[in-house]
Amino acid sequence: MNISEAAEKSGLTAVTLRYYERIGLIPPVKRGNGGVRLYEKSDLGWIDFIKCMRNAGLSIESLIEYTALFDQGTETVVARKEILIEEQKKMEERYNELGKTLEILNKKIEHYEQEHS
């Protein structure tokens, strides 16, 4: 599929897809005649993975490093796993902080409900 179709399926713009490829967030996309990008299902899988990880707060730098290691082959599995474990720890910390904030908000709302009932 061409970049317009990939953009529509991924929910991103063609400009964003080109940017992701240029900076190494996704592996290089195969090219057809005239250098036209030809996206495959595996490319869409990468795009979905990157979108999910970015939405969860993972850094662009970590994801670029992860993608570069992936491109180097199976000998980098341990290093890729270490990146994901480190990011998982950071995410758990953010999750715990959000939980604490939610508790405070709930108590504050409960306070207002009791005050005005």
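A crossing is left-handed if the near helix is turned anticlockwise from the far one by less than a right angle, and right-handed if clockwise. This is a predicted model, where local features need pLDDT of at least 70 and side-chain atom pairs count only at pLDDT 80 or more, while totals for chains, interfaces and linings use all residues. Residues are numbered from 1 along each chain as its sequence is written, and side-chain values use heavy atoms, without hydrogens and water.

**Exercise 1.** Describe how helix 4 packs against helix 5.

Solution.
- Take the axes, which are lines fitted to C-alpha atoms over the stretch in contact, with angles from 0 to 180 degrees between N-to-C directions.
- The axes of helix 4 and helix 5 (residues 77-115) come within 9 Å and cross at roughly 160°.
- Helix 4 is therefore roughly antiparallel to helix 5 (angles over 145 degrees).
- Now the hand: helix 4 passes helix 5 in a left-handed crossing.
- List the contacts (heavy atoms within 4.5 Å). S62, E65, Y66, L69 and F70 in helix 4 meet A79, R80, I83, L84 and E87 in helix 5.
- By class, this contact has six nonpolar, one polar and three charged residues.

**Exercise 2.** Find the buried side of helix 1.

Solution.
- Buried means under 20% relative accessible area, exposed over 50% (1.4 Å probe, protein chains only).
- In helix 1 (residues 3-10), I3, A6, A7 and S10 are buried.
- These residues cover an arc of only 100° around the axis, so they lie on the same side of helix 1.
- The face turned away from that side carries the exposed E8 and K9.
- The buried residues pack against helix 2 (14-23) and helix 3.

Methods
Helix = DSSP H or I, 4+ residues; strand = E, 2+ residues; numbered from the N terminus. Arc of directions from axis to C-beta. Parallel < 35°, antiparallel > 145°, perpendicular 65-115°, else oblique. Nonpolar A, V, L, I, M, F, W, Y, C, P; charged D, E, K, R; others polar.
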